[in-house]
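Please read them with the structure open.

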Amino acid sequence: MMASNSTKNTMLPVVDPPRGGGGGGGGGEEKVFKGAAMTKRGAYAAVSYMSCAVLLVLFNKAALSSFNFPSANVITLLQMICSCSLLYVMRRRKVIAFTGSDSMNAIDNAITLIPTKTLIHTLPLAFAYLLYMLATMAAVRGVNVPMYTTLRRTTVVFTMVVEYFLAGQKYTSSIIGSVALIVIGAFIAGARDLSFDTYGYSVVFLANITTAIYLATIARIGKTSGLNSFGLMWCNGIVCGPILLLWTYIQGDLEMTMNFPYLFSPGFLVVMLMSCILAFFLNYSIFLNTTLNSAVTQTICGNLKDLFTIGLGWIIFGGLPFDIFNVIGQLLGFFGSGLYAYYKLMGK
């Protein structure tokens with residue numbers, strides 16, 4: 001689907017077009033509508049991320065709950081192997097390039113497909129991803145679901161702080177107000193379940209910090225490395241893949257997978273295939289959304305995605321009791337996310 005256009009259009013550009021050039025300016029970036037600050041590509045990236053994320057959560061939920069698959073780490077590893085395999089084949093067949101200015105025929109390194117210097121430049125991204133993944137896993141295990149969901153909504157605040165220190169990014173009072181509404185809604189939604197737990201709070205806030213660093217690192221390296229989303233995904237995969245493989249082996253996850261009774265069940269294989277395909281498009285849309293828009297926009301999209309996931313999860317899997325505080329909190333979060341989207345769209 002991505003390769004159907006001419007050679008000049010096969011690459012999906014990632015690096016943010018210059019801002020402040022007035023209107024659509026030299027870059028010719030088409031806006032969502034007249035007077036909007038967000039480009040159509042930015043809006044498509046945000047919507048694509050939310051769509052892929054909701055579907056991926058549902059397929060992962062089916063694998064882990066409906067089939068009782070024992071290891072989330074193995075699912076992550078399979079998704080990473082699938083993504084790297086697809087990227088390798090597409091790059092070798094000259095369907096995509098890894099940099100915005102790449103010649104489709106130029107391959108700098110026969111093994112890594114990119115210059116060694118560029119790969120080294122992206123190491124902080126891989127390190128940030130591993131920290132983010134480990135902290136998130138620990139957070140899920142350390143606290144109950146309502147508390148986890150509530151505290152994870154505060155990630156947007158951490159992201160704003162990290163972006164300020166890393167890139168000097170400042171936000172308007174309108175943006176700050178909409179974020180405050182999201183955070184207030186999150187705490188109202190989890191009000192009945194917020195039993196204080198020092199370890200639980202610490203580990204979730206650590207996950208928030210690592211998530212913020214990861215997203216800010218994507219935005220920063222995406223604009224300094226010369227790589228597009230495919231290039232960033234490739235570097236992240238070839239560095240993190242071997243580490244994750246070793247980790248799953250040490251943890252015994254690979255052995256548990258080989259002994260899994262439904263490993264070759266057609267239903268389970270379909271679920272895993274869909275999970276891997278969706279993970280590829282999800283990772284692409286995360287890199288694209290973060291570099292075209294911002295790390296904070298990506299976090300807000302994550303909050304909106306959570307709302308849709310909760311609704312669909314309740315309809316498909318059930319098990320969510322009605323609670324007025326939860327409903328009010330979710331609505332406040334949705335309203336705050338909508339306000340943020342409006343302000344971002346209008347450039348306020």
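1. Patches here are built from residues with over 30% relative accessible area and no salt bridge, like charges being joined within 9 Å and nonpolar side chains (Val, Leu, Ile, Met, Phe, Trp, Tyr) within 5 Å. A salt bridge is a side-chain nitrogen of Lys or Arg within 4 Å of a carboxyl oxygen of Asp or Glu, and accessible areas come from the Shrake-Rupley method with a 1.4 Å probe, only the protein chains shown counting as cover for residues.

2. The model is predicted, with local features needing pLDDT of at least 70 and side-chain atom pairs counting only at pLDDT 80 or more, while totals for chains, interfaces and linings use all residues. Residues are numbered from 1 along each chain as its sequence is written, and side-chain values use heavy atoms, with hydrogens and water left out.

3. Val-270, Leu-273, Met-274, Ile-277 and Phe-281 make a nonpolar surface patch of about 400 Å². Phe-281 lies in helix H11, residues 266–292, helices being DSSP runs (H or I, at least four residues) and strands runs of E (at least two), numbered from the N terminus. Phe-281 counts as partly exposed because its relative accessibility is 33%, where buried means under 20%, exposed over 50% and partly exposed in between.

4. The chain has 13 helices and zero strands, and 48% of its 348 residues are buried. Its accessible surface comes to about 17200 Å², of which 68% belongs to carbon and sulfur atoms.

5. Helix H8 (residues 198–224) has 27 residues and spans 39 Å from its first C-alpha to its last, close to the 39 Å expected at 1.5 Å a residue, the expected span being 1.5 Å times one less than the number of residues. Just after H8, Gly-226 takes a positive phi of about 85°.

Terms used. Buried < 20%, exposed > 50% of the residue type's maximum accessible area, 1.4 Å probe, protein only.
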